[in-house]
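User: I'd like to go through the chain contacts in this model with you. Could we take them one interface at a time?

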Amino acid sequence: MEDKKTFIDPDLTKRTVIGPNGEDITVDPIQDYFCDALPKKHEPKRAKIFENFFNWARAESIWVLGFGTGCGSIELYPLLTPRFDAYRFGVQMRPTPRQANLMIISGYLSVKTLKRAIRSYEQMQNPKFVMALGSCTINGGMYFDSYNTINRLDKYMPVDVYVAGCMPRPEAILAGFEALKKRIKAGKAEGANLYAENFETYKANQKKIIRDWNMPDYNW
Amino acid sequence: MVSPVHIVSIGLITAFLLGLGKKSQQQMLVFVLMIATAAMTMVSGSWLIGLMTGSLKPTDVFTAGFKPPFAINLRMTMDEAVLTTMVNVFGFLTVIYLFDVLKKAGKHLLSIIVVFLIGLNVVVMTRDLFNLFVFLEITSIATAGLVIIIQDSKSISAGFKFLMASSVISGILLIGIIFAYSYVGNLNIDFMTNLSMVKGGAVAVFLVMTAIILESKQFPANGWALDMYESAHPAIGSALSAVSAPAILFVVYKLMPMVPENWHPVIGLLGLITFAFSNFLATRQENIRRMLGYSSVAQGGLMLTVVAMSVYFGQSFWFIILGFLLTNFFAKAGLFWLNGIVNSDDQNKWGILRKRPVLFFLFGVFVVAMAGLPPFPTFFAKWEMIMQLAQGNGWGWIVLILLGSIFEIAFLFKWFGRVFHAVKDQPAEPVIPWFKEFPVMLFGAGILATSYYFIKYQQFDNLFVLIPLLIVAAFVVIDFLPAFIKNILLIAALTFYGYIIYPEIKGNIMQLVFMSVFLVGGILTLIPGFATKGTRAGFYPFAAMTIFGLIMLVNPGDNLTFFMGWEQMALGSYILILRGKKAERPAQQYMLFSAGGAYLMLAAFGMLPHFAGDTFFGNLSGLIPGAGVVFVLFALGFMLKTAAIGLHIWLPGAYSEAEDDATPLVSGVLINAGVLGLFWIVTSFGPQQLFGYDIFQLMGWIGAITAIGGNMLAIYEEDMKRLIAYSSVGAMGYIIFALSMDSKLGLLIALYYMVLHFIYKTMLFMSAAGVIYRTKTRNMYEMGGLIKSMPWSFIVVLIGIITLAGMPPLAGFAGKWMFYNAVVMKGWYLQGTMVFFSGIVAFLYLYKLIASVFLGQLKDNHRRVKEAPFVYLLPQFIFVIAIMVLSIFPQVLLEPLATIIPDRVPGEAILWDGRLAMTSFGYWNAFAVMTTVIVMFATIFLWLTYHSRKAQKVKQFNIVFAAERPFRPETTHVSYNMFAGYKKALGWLMTPLATQFWTGISDWSTAIADKVRSWYTGNGQTYAMHLLLYAFVLYLLISGGKIL
Amino acid sequence: MEYLTLQNIGLVTGFMLMLIGLYGALTQKNILRIIVAFTIFDAGLNLVIVALSYIKGRVAPIIDQTTGVTNLSEKFVDPIPQALVLTSIVIGVGVTGVMLTFALRMFKTRHSLDINDFKQTKW
Amino acid sequence: MSIDWIKLLFTLLGLFIVLNYGLLQYGLIRRITARIGKRIGMPVYQPYIDLVKNYAMRSQITHGVMFYLGPVFRLVGGVGIFMFMPLIYGSYYWSNYSFAGDVILIMYFMFFGMLGMALGASEGGHPYSFIGISRGLSQFTTVEVPFTLAVIAVAVQHHSFSLTEIVAGQQGGIMHWNIMTNPFAGIAAMLAFLGMMMASPFNVVQAPQEIPIGPPTEYHGTYLGLLQTNRAILYVSESILMVNLFFGGATNWVELIVKSFCVFFWPVFVGLVFPRFRIDQSIPWFLKIPLILSIIGIFMV
């Protein structure tokens, strides 16, 4: 039987270009284009009072990465409307992962989307939080036996808050924010550090499901 | 002493001897001929030397023992001695040059050559009209014989056309002679001076004169001559051009005394028309020999003018005619001979000359000499001629001369540029026998020696003119040395020159400032040359020529020195630009525009004495009423160099295509020559009116539009050097604007900005050169992310653009601050805002420059690029230090600059109180601003550094992305067409009107030339008809329709 | 009738011949005819020269029995133009000869004697 | 050169006040915006929390030295504008380090921050940064033209480039304000001010939906904190500049805050009402009505 060959991305294989003086330059895309450092654990501040203050600030200023996954993303937009108005709680949408603290996985993740989600997650800076919506992220929900959908998000990235429902209504999400805030204020939302500590496990899980792993191990 | 008649007798005897020779003795016969021509040369040469030293007196030789008018007499004075020597030397060299041809040809050809030479000698020497006719006919027949050395259909038919033409001409001449005889009763020229007074005698004079003028191949009745030039062997072409034409013109000179005074200008104008039109038609020529033919005809026309106006020119006549005559003699002959060596009329085939440096050098010398650039005699002759014509208000004449000259430059330098860039790998190394090379070299030496005497005759200032020229000459000689040594030597020479010149000029701050810009700029821009390997042949002489040409501009001397420096600088920089790989067309454009500007200035120099006595234009003082036209001409000339909008189209090409490390010299340093000139005229002329308009007002608008135009064009450039070049246009607009404000502050801005622009532009160009040196590309979109590998270059560019943009706290802001004050004081708000707008527009391209090259994504093929060589960085950092000093202490520069501005200039000056600059609008303290900014910067920087001390360094693709992954740097780098939105909004401003205009002019002139030259149908009968028509029109011109 | 002197007849004929010659040289297409036209032109020219120097009642400057040896300058016409004509004729013959040579060569290269066939060099 | 330490202290105090004012103002404006949209909106103090949070980020990345320096340049530009501008008319200590040529200096100091930021963002290497910057610079060139003309008009009117003297010339009641004495220049400057504030309709530079917030795409943590600090200071400083130029300056802090708030509200109001211009629409727009108004303004002097 034919082996299941891993997909080789031509853009990420080594290639040779000719330099200005005619010399050959070999480019190894993964090595040369991407930082290969692994994530580090960042200890909280020694002084408890500072850490508490910062955690309060983090909790009250949650910047959400506007990355809609699955069908739940449709539930996010009402959050910004006058009826629900998530701004009241210090929740704002940010268009870029660099500036965001919270990633909302708003539903099922196909394998393809998972890859993107992981990238975006890794591009966020410590401290960062993940909120998962709907049953799909908990156990696969209606896609529990799909060939192409993950069942349990927790295996691939540390989740701080699950909001159950199919789909959870905006009120539920608001409640999720409150729960997250509590977690953060209590200093329990150390997802980023968790990810760094158990990096190998997470990576192994991710790689198991993502066959065409054409990206560096950690997306800085 | 040997009688001059022996020139003829030697010739005759030789002709008989040759007739006796046998076919088998051909080689010996050639040697006999050689000896005979040498003997003829010696006779005439001995007369020349004798007359020069004074050991011999001018003599008449009376044949048949009678005194004239009863017998033919030959005269030998200085004039004849010079001409016969020229003829005979030329004959001797022709025999050598044609050695291989003559060996194979029959003995008759040898006789024909002798007869040709005899004919010319007698034509020169004889004083008898009929004798003249006879020998003209003999020469004609001999010429016809010579033309068909190459026995192809072309040359034979050309010879036949020539015979037809000469039959017609000789008919006219003969009737004229016989009329003359029937009126005065003798045939001696010396006894005919009153011929035109006799009733009906004028007709005789007219006929004789017309015949000779026709014989001297004036436009447009000269198709037969052109066909002959085109088809004859190059050696024969050279004979026609170098000796035949001068001999005929000498006949004109001999006949001039009997021509009525009021005919002189008519004949003179005919010559000038020939000069202008033949050069014009030559621009359309691809065939080298025909082009040289046109050029010869044109030179003949110019000389005819000089000869016809010999009475008018008086004292200067000899200087002028010798300048033209000798240059034409040496250079034209040399070029024809080179044509014979290359053996092709295709410009591209001339590339083989590149393999022979000496020949190629001589080729360049001949071309430059023909074009009338310094230090060659034509230059001085043309200058003198125009000055003389201007004294008599001959503006139309001057226009014709200048037009002709610009066309001449157009085709000569198109040719030169083509040869310079012709494919070098010609099939095989050319085998050039010594006897072909020798005459060329001898004539090359001849023209150099002539130039030497012409320069010596001018009695130039030693320090400012002669020493520089000697240094340039020395670098020509040592051109074989390695580049490294020459670089050291040139830098040393410049330094030493600065050392000896300093005491001379230290009293004059203006000279000091410009001299230091030129000298320091020259030295610093040479330093990167150390990175070049090999000999870099041909670079250093012209770099030296450029720099010293600039230095001559600073000289407080006379107009001629200034103009000579200007032309020399143009020539030197032309070669420097031409050396670039794809520089053929840009260099040609540069040369044309430079020459155009120079000729406008030349006209202005001619007019100057009318308004201001004979002073140097920098020494004028106070208002000169009615000098508006002079001012405009000067201003246009200088603004061509500073590339004001509309006149700028040469600049981007020239600057970007020049060799990368030569660009700082030809741009950053050289452009200041224009500023110098503008500053000089603005301060010395003062406000001027043209048709009631204030010229400064106009200049202000030009400056403002230039500033916007230059900067706008820079935005859309993808080529690094073109971008910086357009930025220069913008900066020059700024300076023109500042100058035109004609206030103390305005002039100060202009000077300050001139220095500053010199510093940052040189710096930027050098930095660009360093980048290009490493990356081997000029397209900015092919670069990116170089900050990692070239951090020092990045710093330089950063400092450069902050200065350019005029952002505080760096030195550029001083200019902006003064600018606002000046604009508000002057009340030129709209123009001021336009300039201001251009300043902001500059941001766009500055950002593009630094971001596309140094920031963003590093390209794969530049991964191993290293920092620019140290020798590139060293001068850049010297400039950076200068900028830093100026930023903190602007008064170091501003205070001395303010003293340059004459008191005449109205307006407020800056007052200095320690570090405080004050005007009535406000004050400003550069030091304080700098300190504040540094403190703020340091504080915030430390704060950030503390906070981000643990930041993870990432690589180029660690940017935000999710679904769309960056594939390659190219797909992730926004650089090409960066300001697309801007283009969409304001791109209509960039309609290339100027380019269209100049292209249109070029196309039109080509088309017109093409139409006009179809006059030369190639049909011998038509040519004969032209001759008759010409005579008829000439008759109408001279007589005004009445019977003479 | 006083204009109808020998001199004037000679002059008019000479000029007529010259014009005919010129006309022929400028309009004929055959090279040989052109050459012939030029010889006519030359003949006319020479006639003009002779006619110009002719003085009524005088004879050619040849000393023989009829003229004697005294007062020659009053009996002879001016001898110089006569000499000139001789030279001129010689030169004319020379030029004609050269032209014929050229015509021969031209015929050999192109096998044509039409002047319009020899316009290789132009513009 | 002796340093007036007390004045330095006052300047720093002023900076502190302005920073707080700027943050509160931003919060307030967000709140008002929310109310217009029938929302309740974020707390007024939300900008403080955001700032603290950003400074408290644990990990950061850097793309290189210039990436580092970008926010520094930007903040220096903002603080510099503040430093070189007199705050309260008639007060020695609140006149900061202003001097008699300060309008020109301020105008050019704006470029300082902009260019630094542009360079820093470019080193991040994100294409959106490039696009945002090219848009920003393009728009900026035309915004500045009417503004500069208006400033020149004012300077000519008062025969000085000194803000202090310009303010001095406007004392004595509302009819002496430049907006009244030279309404054309004033209106032109106010229209240009819309562009300077980069609020809608001129916010295509940061267009979050199209090029995720443009230049600062890669900035986060402390860098973003610096940028936010700068925004607070810069926007207030620019409003104060407008107040000084056209609205008679201020003789005390209350007047200053009231006036600058009103001025600041102008772009907010416009931004709420009008949709966004494309870059090739905004450039001609600035070169039409505002430019013509400012030219009229300058010839009215």
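User: How much area do chain A and chain B bury between them?

Analyst: Happy to start there, keeping in mind that this is a predicted model. The contact takes 31 residues from chain A and 25 residues from chain B. Carbon and sulfur atoms carry 51% of the buried area. The area itself is about 2,500 Å².

User: Which residue of chain B meets R15(A) in a salt bridge?

Analyst: The rule finds two salt bridges across the interface of chain A and chain B. In the one that involves R15(A), N and O are 3.0 Å apart, which is a salt bridge because the cut-off is 4 Å. The partner of R15(A) is D860(B).

User: How do the residues on the side of chain A that touches chain B divide by class?

Analyst: Elements that each supply at least two residues to this side are β1 (15-18), β2 (24-27), α1 (29-33) and α4 (111-123) of chain A. By class, the residues of this side are 13 nonpolar, nine polar and nine charged.

User: Turning to the other interface, what is the area buried between chain D and chain B?

Analyst: Here 70 residues of chain D are in contact with 71 residues of chain B. Carbon and sulfur atoms give 80% of the buried area. The total is about 6,400 Å².

User: Which residue of chain D forms a salt bridge with K788(B)?

Analyst: Two salt bridges are counted between chain D and chain B. For the one with K788(B), the closest N and O atoms are 3.2 Å apart. The residue on the chain D side is E123(D).

User: Which element gives the most to the side of chain D that touches chain B?

Analyst: Several elements give two or more residues to this side, among them α3 (65-83), α4 (102-123) and α5 (127-158) of chain D. By class, this side has 46 nonpolar, 19 polar and five charged residues. With 17 residues, the element that gives the most is α5(D).

User: What is the bridge partner of Q952(B) in β1(D)?

Analyst: Strand β8 of chain B, residues 952-953, runs parallel to β1(D), and two bridges join them. Within β1(D), the partner of Q952(B) is I61(D).

Technical notes: Residues are numbered from 1 along each chain as its sequence is written. Chains are lettered from A and ligands numbered from 1 in the order in which they are written. This is a predicted model: local features need pLDDT of at least 70, side-chain atom pairs count only at pLDDT 80 or more; totals for chains, interfaces and linings use all residues. Side-chain values use heavy atoms; hydrogens and water are left out. Contact means heavy atoms within 4.5 Å. Buried area is the accessible area (1.4 Å probe) that two parts lose on being put together, summed over both. A salt bridge is a side-chain nitrogen of Lys or Arg within 4 Å of a carboxyl oxygen of Asp or Glu. Helices (H or I, at least four residues) and strands (E, at least two) are DSSP runs, numbered from the N terminus. Ala, Val, Leu, Ile, Met, Phe, Trp, Tyr, Cys and Pro count as nonpolar, Asp, Glu, Lys and Arg as charged, and the others, Gly among them, as polar. Two strands pair if DSSP finds at least two bridges between them.
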